[in-house]
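Try each task first, then follow the solution step by step.

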Amino acid sequence: MSDKKVVIYSTPTCPMCKRAKAYLTEKGISYQDIDVAASREVAHEMVQKSGQMGVPVILVDDELVVGFNQPKLDELMAK
């Protein structure tokens with residue numbers, strides 16, 4: 001569907017992360033999943049990029065989406 005680079009910072013137990021990943025998969029959008037629970041370093045990287053400690057944090061190219069915001073994701077993927 002898209003040639004965008006999508007990265008999702010998530011944790012295995014986060015319900016909104018699971019919804020976001022299921023949505024991306026349903027839309028045929030490939031993404032890189034980064035488990036912030038597995039590494040303090042990547043958790044710190046996510047906080048540095050987003051200013052947020054909550055997940056999911058989704059990067060679409062250089063655009064940041066905090067939380068599972070389906071309309072915003074649709075908008076970014078359509079660009």
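**Exercise 1. A salt bridge at E63**

Start with E63: is this residue buried, exposed or partly exposed, and which side chain does it pair with?

*Solution.* 
Step 1. E63 has a relative accessible area of 35%, so it counts as partly exposed. Keep in mind that this is a predicted model.
Step 2. The partner is K79: the two side chains form a salt bridge, with 3.7 Å from N to O.
Step 3. E63 belongs to strand 4 while K79 sits in the segment after helix 3, so the pair ties together parts that are 16 residues apart in sequence.
Step 4. K79 has a relative accessibility of 58%, which makes it exposed.

**Exercise 2. Salt bridges within a helix**

Find out how many salt bridges the structure holds, then look at the pairs K49–E45 and K72–E75.

*Solution.* 
Step 1. The count for the structure is five salt bridges.
Step 2. In one of them, K49 meets E45, at 3.7 Å from N to O. Both residues are in helix 2 (residues 40–50), four residues apart, so about one helical turn separates them.
Step 3. Now check how open they are. K49 is partly exposed at 45% relative accessible area, and E45 is partly exposed too, at 31%.
Step 4. Move on to K72 and E75, whose closest N and O atoms are 3.5 Å apart. They lie three residues apart in helix 3, so here as well about one helical turn separates the two.
Step 5. K72 comes out as partly exposed with 26% relative accessibility, and E75 is partly exposed with 41%.

**Exercise 3. The two sides of helix 3**

Work out which residues of helix 3 (residues 70–78) are buried and what covers them.

*Solution.* 
Step 1. The buried residues are L73, L76 and M77.
Step 2. Look down the axis of helix 3: its buried residues fall within an arc of 95°, so they line one face of the helix.
Step 3. Turn to the face that points away from this buried side, and you'll find the exposed residues P71 and A78.
Step 4. The cover over the buried residues includes strand 1 (6–10), helix 1 (15–26), strand 3 (57–60) and strand 4 (63–66).
Step 5. Finish at the start of the helix, where a side-chain oxygen of N69 comes to within 3.0 Å of the backbone nitrogen of K72.

**Exercise 4. Cysteines**

*Solution.* 
Step 1. A disulfide is a covalent bond between the sulfur atoms of two cysteines.
Step 2. Searching the whole structure gives zero disulfides.
Step 3. Buried means under 20% relative accessible area. C14 is at 9%, so C14 is buried, and C17, at 0%, is buried as well.

Notes
Residues are numbered from 1 along each chain as its sequence is written. This is a predicted model: local features need pLDDT of at least 70, side-chain atom pairs count only at pLDDT 80 or more; totals for chains, interfaces and linings use all residues. Side-chain values use heavy atoms; hydrogens and water are left out. Buried means under 20% relative accessible area, exposed over 50%, partly exposed in between (1.4 Å probe, protein chains only). The arc is that of the directions from the helix axis to the C-beta atoms. Contact means heavy atoms within 4.5 Å. A polar contact is a pair of N or O atoms within 3.5 Å; within protein, one must be able to donate a hydrogen and the other to accept it, and residues adjacent in sequence count only if both atoms are side-chain atoms. A salt bridge is a side-chain nitrogen of Lys or Arg within 4 Å of a carboxyl oxygen of Asp or Glu. A disulfide is a pair of cysteine sulfur atoms within 2.5 Å.
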